[in-house]
Amino acid sequence: MTAISGIKALSAIVVSTTLFAGSVQASDALVDATWLQENLANPKVRVFEVSVDTGVYERGHIPGAAHLNWHTDLVDPQKRDVASREAFEKLLRDAGVDKDTTIVLYGDNNNWFAAWGAWVFEVYGLGNQVKLLDGGRKLWEAKGLPLDTTLPDHADSTLALADRDNSVRARFVDVVAVAEGKHDIKLVDIRSADEYAGKIFAPEGVKELSVRAGHIPGAVNVPWGKIVNEDGTFKSADDIKAIYAEKGVDGSKPVITYCRIGERSSHTWFALKKILGYDVRNYDGSWTEYGNAVGVPVNNIAGTVWTGK
């Protein structure tokens, strides 16, 4: 794929501007390592690393890539929320991103947080400019491709971000309404089978916990790793479609994805919306919000009870 054809493919994306107004058009939302190598010097391309381990960027990153620290750059430091429009706009202007820039995101852990970054870009109306490097940092390193420690320096742009597009974001009240049977929307829990069943509250070693175990009533469980190959790339669109169709998620109804804090579910959101073209929102409050709420229904198959330990 050439840079020109890649940009033309991006322009074909149709982004829904109303709440679940219908499926968006499936798009070529991924680039491979060869395409990125050929476009590292392209002035219309900007590359960002968004890794779970924020320290790996300083030890070496894809040449020319800027750093998006998910602890600080993608969140509001004062409240649990995505970055403000003003803060995110300044960051992107500093990186030289403009309205016609192709934005490539990549990260570690098979693009977990890179996909979350893509979702934040989507919130601010730039989703039609964003691609993920398929396989992320894992595949780039496995291929022995070059890494650099030089920080990029681009001329500032005059990018103006739109207000948030809330049609791609599910909130607590939306999910409760689905759990109570008020809306015919598919819920996809992408956590591990043990988290879903309520055997454990969260993966070993994590600090963000909930006081209840289990899952949101009506949610189907498709752990995010089922749609990823061993090398970190996404499985084919046909394979992903079949995996979800087996669970009754076929694009005929709107979908809400969730996990524990909203980052793993962004990976699934990306696959369902950007690769398959389904109508999907991400619930970034996820289980740490829902599982700590008072008076909401929970399915706890294992019956595990919080003991404070």
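Predicted model: local features only at pLDDT ≥ 70, side-chain atom pairs only at ≥ 80, totals over all residues.
Colleague: Which residues other than glycine have a positive phi here?

Modeller: The general idea comes before the cases. Most residues other than glycine have a negative phi, and most peptide bonds are trans. Another is Ser 286, with phi near 50°. Asn 111 lies in the loop between β4 and α5, while Ser 286 is placed in helix α11.

Colleague: Are Asn 111 and Ser 286 buried or exposed?

Modeller: Buried means under 20% relative accessible area. Asn 111 has a relative accessible area of 1%, so Asn 111 is buried. For Ser 286 the value is 0%, so Ser 286 is buried too.

Colleague: Which residues of helix α7 are buried, and what covers them?

Modeller: In α7, residues 172-179, the buried residues are Val 175, Val 176, Ala 177, Val 178 and Ala 179. Their cover includes β6 (186-189), β8 and α11 (286-290). Strand β8, residues 255-258, holds Val 255. Val 255 has a relative accessible area of 1% and is therefore buried.

Colleague: How is a sheet read, and in what order do the five strands stand?

Modeller: Strands of a sheet pair through backbone hydrogen bonds, either parallel or antiparallel. In this model five strands form an open sheet with parallel pairing, in the order β1-β5-β4-β2-β3. At the edges are β1 and β3 (66-67), each with a single partner strand, so one side of each has no neighbour in the sheet.

Colleague: How many bridges join β5 to β1, and how many join β5 to β4?

Modeller: Strand β1 (residues 30-31) is joined to β5 by two bridges, and the two run parallel. Val 31 stands opposite Leu 133 in β5. Three bridges link strand β4 (residues 102-106) to β5, again running parallel. Across that pair, Val 104 is opposite Lys 131, and Ile 103 is opposite Val 130.

Colleague: Which way do the residues of β5 point?

Modeller: From strand β5, residues 130-133, Val 130 and Leu 132 point one way, and Lys 131 and Leu 133 point the other way. All of them are buried, Lys 131 included.

Colleague: How does the chain cross from β4 to β5, and where does α5 pack?

Modeller: The path goes from β4 through α5 to β5, a β-α-β crossover that is right-handed. Helix α5 packs on the sheet and touches β4 and β5. The direction of α5 makes about 150° with that of β4.

Colleague: How is the packing of two helices described, and at what angle do α5 and α10 cross?

Modeller: Two packed helices are described by the angle between their axes and the distance between the axes. For α5 (residues 112-123) and α10 (residues 264-275), the axes come within 7 Å and cross at roughly 65°. The crossing is left-handed.

Colleague: Which residues meet where α5 and α10 are in contact?

Modeller: On the α5 side they are Trp 112, Ala 115, Trp 116, Ala 118, Trp 119 and Glu 122. On the α10 side they are Arg 264, Ser 266, His 267, Trp 269, Phe 270, Lys 273 and Lys 274. By type, the residues of this contact divide into seven nonpolar, two polar and four charged.

Conventions: Residues numbered from 1 in each chain as written. Heavy atoms only, no water. Axes fitted to C-alpha atoms, helices over the stretch in contact; angles between N-to-C directions. Helix = DSSP H or I, 4+ residues; strand = E, 2+ residues; numbered from the N terminus. Left-handed = near helix turned anticlockwise from the far one by under 90°. Contact = heavy atoms within 4.5 Å. Nonpolar A, V, L, I, M, F, W, Y, C, P; charged D, E, K, R; others polar. Buried < 20%, exposed > 50% of the residue type's maximum accessible area, 1.4 Å probe, protein only. Pairing = 2+ DSSP bridges. Right-handed = clockwise from strand over helix to strand, strands pointing away.
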